[in-house]
Amino acid sequence: MDKPLTDADLVLSILQAWKGDWCPHLYKTAGVMVHSRVADLRKRGHQIECRRFGLGDYRYRLLDGAAQKEER
């Protein structure tokens, strides 16, 4: 039986879909506390960059494994 998708897995799958590009509107798309899930993913060894593009416009991008799915 497959494990249920965690919030961190959801954020990872969205970042992977952007294939290393800056992902806009991640907070609206994921519907979770993105900064906390990004911290969880960093603890799991993923390299994720954050940049501010304007007032309240924080974007993230996956620097590693954008084309590979992490094994759980």
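Me: At what angle do helix α1 and helix α3 pack, and how far apart are their axes?

Reply: Happy to start there, bearing in mind that this is a predicted model. Helix α1 (residues 7-17) meets helix α3 (residues 34-43) at an angle of about 85°, and their axes lie 9 Å apart. Angles of 65 to 115 degrees count as roughly perpendicular, and α1 and α3 are therefore roughly perpendicular to each other.

Me: Which residues make the contact?

Reply: On the α1 side they are D7, A8, V11 and L12, while α3 brings R37, V38, D40 and L41. By class, the contact of α1 with α3 has 5 nonpolar residues, no polar ones and 3 charged ones.

Me: Now the strands. In which sense do β1 and β2 pair?

Reply: Strand β1 (residues 48-54) and strand β2 (residues 57-62) pair in the antiparallel sense, over 6 bridges. For an example, take R51, whose bridge partner in β2 is R59. The hairpin of β1 and β2 has 2 residues between the strands, and G56 there takes a positive phi near 70°.

Me: How should I think about side chains along a strand?

Reply: In a regular strand, side chains alternate between the two faces of the sheet. A residue to look at here is L62, placed in strand β2.

Me: Is L62 buried or exposed?

Reply: Buried means under 20% relative accessible area; L62 has 2% relative accessibility, so L62 counts as buried.

Me: Which residues is L62 in contact with, leaving aside its neighbours within four places in sequence?

Reply: Those are L12, L15, Q16, G20, H46, Q47 and I48. Look at D21 too: 41 residues separate D21 and L62 along the chain, yet their C-alpha atoms are 7.6 Å apart.

Technical notes. Residues are numbered from 1 along each chain as its sequence is written. This is a predicted model: local features need pLDDT of at least 70, side-chain atom pairs count only at pLDDT 80 or more; totals for chains, interfaces and linings use all residues. Side-chain values use heavy atoms; hydrogens and water are left out. Axes are lines fitted to C-alpha atoms, for helices over the stretch in contact, and angles run from 0 to 180 degrees between N-to-C directions. Helices (H or I, at least four residues) and strands (E, at least two) are DSSP runs, numbered from the N terminus. Angles under 35 degrees count as roughly parallel, over 145 as roughly antiparallel, 65 to 115 as roughly perpendicular and the rest as oblique. Contact means heavy atoms within 4.5 Å. Ala, Val, Leu, Ile, Met, Phe, Trp, Tyr, Cys and Pro count as nonpolar, Asp, Glu, Lys and Arg as charged, and the others, Gly among them, as polar. Two strands pair if DSSP finds at least two bridges between them. Buried means under 20% relative accessible area, exposed over 50%, partly exposed in between (1.4 Å probe, protein chains only).
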